[in-house]
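Here is a friendly note for a first look at this structure.

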Amino acid sequence: MTTRILVADDQDDVRGAFRIILDAQPDMTVIAEAPDGASAVEQARLLRPDVVLADIRMPVLDGLEVTRLLAGPDVPAPLRVVVVTTFDLDEYVHAALRHGACGFLLKRSSPALLVEAVRAAMSGDTLISPQITVRLLRDLAAPPRRAVPGGTLSGREIEVARLVARGHTNAEIAAALFISPGTVKNHVAAVQRKLGARNRVGVAAWAWENGHATGS
């Protein structure tokens, strides 16, 4: 099945480079390009791509507003949005993820990581550039604000949430807990459902905020 992608960036050369990288994949195709945020939202609502790659600094509407309009908590049928930017700023990362982004990638990342981010979005995971992952998750640590009432999560689910918060993939979690990747995927889905988290970043945020991501 081919993943249909919309690329939104105000620089022609960036859009062209992304198209070359993504179209070279046997299971991906760029179906549209947008030079500004308003065009990105309009085309995304019309074409319903599988993944939107959105630059942060664009004319008319920036990438954060594009993300909110296409993937935010109030959107009835959210799209998968991966934010791609030159600017490694914490406030951008936090805002993008709170607006529903399912990935945050720096433009200096490798072509392989760009492809991996699209694949992660399609599989329900969230990929954040390795340069900022640990810093981001540590910054999310705060006094408890969203403790799950009544011990809703099981002990194993809390273990999984802890490893998600540390940036581990499903395969790495499976190896650490001596269970199958499929079982990990089921646990992650259950944790997201119980916490009301849209993606793995929401799970990670909960774990850090409630003291489950520290220690051994």
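The points below go from the overall picture to the sheet, the helices, the cores and a few single residues.

1. **Overall picture.** Please bear in mind that this is a predicted model. The protein chain holds 10 helices and six strands. Of its 216 residues, 49% count as buried. If you look at contacts with a separation of 6 or more, 66% of them in the protein chain come from residues 24 or more positions apart.

2. **Two strand pairs to follow.** Strand β1 (residues 3-8) runs parallel to β2, and six bridges join the two. To find one of these places, look for V7, whose bridge partner in β2 is E33. Further along the sheet, β3 and β4 also pair in the parallel sense, over five bridges. Here V51 has R80 as its bridge partner in β4. Strand β4 itself is largely enclosed by the rest of the structure, because five of its six residues are buried.

3. **The nonpolar cores.** How many residues does the largest nonpolar core have? It has 27, and those with the most contacts inside it are L6, V52, V66, L70, V81, V83 and F104. The elements giving two or more residues to this core are β1, β2, α2 (37-47), β3, α3 (63-71), β4, α4 (90-98) and β5. There is also a second, separate core of 21 residues, which includes L22, C102, L105 and L113. In soluble globular proteins, nonpolar side chains tend to be buried together.

4. **Two residues worth a close look.** Beyond its neighbours within four places in sequence, L6 is in contact with A32, A34, A40, Q43, A44, P49, V51, V52 and L53. One of those partners, V51, lies in strand β3. Is V51 buried or exposed? With a relative accessible area of 0%, V51 is buried. Setting aside its neighbours within four places in sequence, its contacts are T3, R4, I5, L6, R80, V82, V118, A121 and M122. V51 and V82 are 31 residues apart along the chain, yet 7.3 Å separates their C-alpha atoms.

5. **A helix crossing.** Helix α7 (residues 155-165) and helix α10 (residues 200-209) have axes that come within 8 Å and cross at roughly 105°. The two helices are therefore roughly perpendicular to each other. On the α7 side the contact is made by A161, V164 and A165, and on the α10 side by R200, V203, A204, W206, A207 and W208. These residues divide into eight nonpolar, no polar and one charged. The buried residues of α7 are E157, V160, A161, L163, V164 and A165. Just after α7, G167 takes a positive phi of about 90°.

6. R48, which is not a glycine, has a positive phi near 50° and is found in the loop between α2 and β3. At 38% relative accessibility, R48 counts as partly exposed. F178 is not a glycine either, and its phi is positive at about 60°. You will find F178 in the loop between α8 (170-177) and α9 (181-195). F178 counts as exposed, at 76% relative accessibility.

Methods:
Residues numbered from 1 in each chain as written. Predicted model: local features only at pLDDT ≥ 70, side-chain atom pairs only at ≥ 80, totals over all residues. Heavy atoms only, no water. Axes fitted to C-alpha atoms, helices over the stretch in contact; angles between N-to-C directions. Helix = DSSP H or I, 4+ residues; strand = E, 2+ residues; numbered from the N terminus. Parallel < 35°, antiparallel > 145°, perpendicular 65-115°, else oblique. Contact = heavy atoms within 4.5 Å. Nonpolar A, V, L, I, M, F, W, Y, C, P; charged D, E, K, R; others polar. Pairing = 2+ DSSP bridges. Buried < 20%, exposed > 50% of the residue type's maximum accessible area, 1.4 Å probe, protein only. Core = buried A, V, L, I, M, F, W, Y, C linked by side-chain atoms within 4.5 Å.
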